[in-house]
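Grab a pencil and work through a few exercises on the model shown below. Each task comes with a solution that goes step by step.

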Amino acid sequence: MARDILKTERLTLREITPADLPFLHRIFGDAESMRYYPGIKSFDETARWFQRLAFDSYTSQGFGLWAVTDRQSGTLLGDCGITLQETSAGLEPEIGYHLWRDHWGKGYAIEAAAACRDHALQTLGLARIVSIVRPDNIPSQRVAERVHRRRETFAKTGSPDGGMMEFYLYITDRT
Ligand SMILES: CC(C)(COP(=O)(O)OP(=O)(O)OC[C@H]1O[C@@H](n2cnc3c(N)ncnc32)[C@H](O)[C@@H]1OP(=O)(O)O)[C@@H](O)C(=O)NCCC(=O)NCCS
């Protein structure tokens, strides 16, 4: 039984299990969902992504990408969670979110990401939590704007050819 991490009004965030990977790969293998990423992933790439950012991260950091599920039915909707990512401040905890397309436009990402923000600052005691968003990923910006306090810009590798590109860094500090 996967461990529950957080509950919100409509959602349960729980640890991901290997049985979730085929569903999660629908997102990471989907061109529309991966529009603002360097490309779609193969199943093996999706499995390696969750090995690193979920399973290994649970053990090494005590956080990672979690399964976003409907609180009532348990239906898997996507993932949202906290992982260590390179920013202008070095390696720091970042909130990321990916939902299957059928579940866009319902406020689930905002609800899940806000719960992760509060968990990071209040439960884990982190001093600052961020989200990294490509300037052309408007849906993700609309989520990040509602979750975070302020925004900066920084450059890191991320373009399809491995070159440097500009990202928005949405920031919330513990006050
Ligand atoms: C990023 C992503 C999760 C955003 O999905 P989303 O459905 O737009 O975000 P939410 O689930 O928070 O829903 C917010 C939208 O639902 C609407 N909404 C409907 N009911 C709502 C409710 N009860 N509460 C809040 N918002 C609600 C909001 O108005 C908002 O729409 P708007 O931005 O047009 O105003 C989605 O586009 C995605 O999975 N993309 C692929 C992966 C990706 O790019 N991830 C981000 C990487 S940085």
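**Exercise 1. Which side chain does the side chain of Arg117 make a polar contact with, and where does Arg117 sit?**

Step 1. The partner is the side chain of Asp118, at 3.0 Å. A polar contact here is a pair of N or O atoms within 3.5 Å; within protein, one must be able to donate a hydrogen and the other to accept it, and residues adjacent in sequence count only if both atoms are side-chain atoms.

Step 2. Keep in mind that this is a predicted model, where local features need pLDDT of at least 70, side-chain atom pairs count only at pLDDT 80 or more, and totals for chains, interfaces and linings use all residues. Residues are numbered from 1 along each chain as its sequence is written, and side-chain values use heavy atoms, with hydrogens and water left out.

Step 3. The Arg117–Asp118 pair is a salt bridge too, at 3.0 Å from N to O. That label takes a side-chain nitrogen of Lys or Arg within 4 Å of a carboxyl oxygen of Asp or Glu.

Step 4. Now place Arg117: it belongs to helix 3. Helices (H or I, at least four residues) and strands (E, at least two) are DSSP runs, numbered from the N terminus.

Step 5. Check the surroundings. Arg117 is buried at 18% relative accessibility, while Asp118 is partly exposed at 30%. Buried means under 20% relative accessible area, exposed over 50%, and partly exposed in between (1.4 Å probe, protein chains only).

Step 6. Leaving aside neighbours within four places in sequence, Arg117 is in contact (heavy atoms within 4.5 Å) with Ile95, Ile129, Arg146, Val147 and Thr172.

**Exercise 2. Why is helix 3 described as largely enclosed by the rest of the structure?**

Step 1. Count the buried residues: 12 of the 16 in helix 3 are buried, so the helix is largely enclosed by the rest of the structure. Among them are Tyr108, Glu111, Cys116, His119 and Leu121.

Step 2. Look past the end: helix 3 is followed by Gly125, whose phi is positive, near 70°.

**Exercise 3. Which parts does the salt bridge between Glu111 and Arg10 tie together?**

Step 1. Start with the pair itself: the side chains of Glu111 and Arg10 meet at 2.7 Å, N to O.

Step 2. Glu111 lies in helix 3 (residues 108-123) and Arg10 in the loop between strand 1 (4-7) and strand 2 (11-15), so the bridge joins parts 101 residues apart in sequence.

Step 3. Compare burial: Glu111 is buried at 17% relative accessibility, whereas Arg10 is partly exposed at 32%.

Step 4. The model has 11 salt bridges; Asp30, Glu32 and Arg101 are linked in a network of them, and Glu152 pairs with Arg150 at 3.0 Å.

**Exercise 4. Are Cys80 and Cys116 bonded or too far apart for a bond?**

Step 1. Apply the cut-off: a disulfide is a pair of cysteine sulfur atoms within 2.5 Å. The count comes to zero.

Step 2. The sulfur of Cys80 has that of Cys116 as the nearest cysteine sulfur, 3.8 Å away, which is too far for a bond.

Step 3. Both sites are tucked away from the surface: Cys80 is buried at 1% relative accessibility, and Cys116 is buried at 0%.
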